[in-house]
Amino acid sequence: MWQAAAAMSTSQEIITRRLTLAPFAEQFLTRQYVSWLNDPDVVRYSTQRHRKHTLESCRDYWQSYAGTPHHFWAIVEHGQGLGHIGNLNAHVDPHDKVADIGILIGNKEAWRQGYASEAWLAVCRYLFTQAGMRKITAGTCASNAAMLALMNAAGMVEDGRRSRQTLVDGREDDIVYAALFKDSWNPRSVDVPAVSPEC
Ligand SMILES: CC(C)(COP(=O)(O)OP(=O)(O)OC[C@H]1O[C@@H](n2cnc3c(N)ncnc32)[C@H](O)[C@@H]1OP(=O)(O)O)[C@@H](O)C(=O)NCCC(=O)NCCS
């Protein structure tokens, strides 16, 4: 089903209990996806809030992954028929074996149902066990409570902070960085019931 992605990306499909993380492909390049990026609620804490997005800009972004070691997955809910609910990316430094990951659940009706956690934990597992990473990093605004909770639940620890680095709704905010190391990662704490056969 996701074969169109093969030419664009070397990412593997990852399957969890409720989700398929599919290498991003043409069928995910929709007006719905563009609308997420133009929704002030969705991009409130993201640098994407400073841009106007179109199908073309989203295509350019997707194509920027071609020929790189990075990953760009569409998050597809496959139990309740929600379909494509968001995206997850991983910027991989193959020399230092570090991956920086980010997530967006664009479908607001899918928020607070554990989908981001399920996708995040599955990708951490993939990066450590399949992609040879030794450290996974992420960052967010200090006022993004959902992202802080997500990183915390994944076992990430604070890995630096830039004070008063950004403006969120006109207010100064810190950028908080977090990290997860393979040698202190506890896969038993990961509640991802079914992952892809490779994992
Ligand atoms: C942040 C985001 C990915 C969370 O997605 P989600 O599917 O709602 O998250 P989950 O349901 O898996 O919940 C993850 C954790 O966040 C908590 N959480 C979710 N929404 C929250 C909110 N609005 N306020 C406080 N905590 C919240 C959950 O309780 C959970 O914590 P727990 O494990 O301690 O119970 C989603 O809100 C989103 O995509 N927002 C817009 C994009 C964005 O901000 N991306 C990050 C840019 S750096």
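A crossing of two helices is called left-handed if the near helix is turned anticlockwise from the far one by less than a right angle, and right-handed if clockwise. In this predicted model, helix 3 passes helix 4 in a right-handed crossing.

**Helix 3 and helix 4**
- Helix 3 spans residues 115-129 and helix 4 spans residues 145-153; the two pack at an angle of about 45°, and their axes are 10 Å apart.
- Angles of 65 to 115 degrees count as roughly perpendicular and those under 35 as roughly parallel, so helix 3 is oblique to helix 4.
- On the helix 3 side, the contact is made by Ala116, Ser117 and Trp120, and on the helix 4 side by Met147, Leu150 and Met151.
- Sorted by class, the residues in this contact of helix 3 with helix 4 are five nonpolar, one polar and no charged.

**Ligand surroundings**
- The ligand is surrounded by 20 residues, of which the closest are Ile103, Ile105, Arg112, Gly114 and Ser117.
- Ile103 has a backbone N or O atom 3.0 Å from a nitrogen atom of the ligand.
- For Ile105, a backbone N or O atom lies 2.6 Å from an oxygen atom of the ligand.
- For Arg112, a backbone N or O atom lies 2.7 Å from an oxygen atom of the ligand.

**Ile103**
- Ile103 belongs to strand 5, which covers residues 98-105.
- Leaving aside residues up to four places away in sequence, Ile103 touches Ile75, Asn87, Leu88, Ala116, Ala119, Trp120, Met147 and Leu150.
- Ile103 and Ala74 are 29 residues apart along the chain, and their C-alpha atoms are separated by 10.0 Å.

Notes:
Residues are numbered from 1 along each chain as its sequence is written. This is a predicted model: local features need pLDDT of at least 70, side-chain atom pairs count only at pLDDT 80 or more; totals for chains, interfaces and linings use all residues. Side-chain values use heavy atoms; hydrogens and water are left out. Axes are lines fitted to C-alpha atoms, for helices over the stretch in contact, and angles run from 0 to 180 degrees between N-to-C directions. Helices (H or I, at least four residues) and strands (E, at least two) are DSSP runs, numbered from the N terminus. Angles under 35 degrees count as roughly parallel, over 145 as roughly antiparallel, 65 to 115 as roughly perpendicular and the rest as oblique. Contact means heavy atoms within 4.5 Å. Ala, Val, Leu, Ile, Met, Phe, Trp, Tyr, Cys and Pro count as nonpolar, Asp, Glu, Lys and Arg as charged, and the others, Gly among them, as polar. A residue is near a molecule or strand if one of its heavy atoms lies within 4 Å of it. A polar contact is a pair of N or O atoms within 3.5 Å; within protein, one must be able to donate a hydrogen and the other to accept it, and residues adjacent in sequence count only if both atoms are side-chain atoms.
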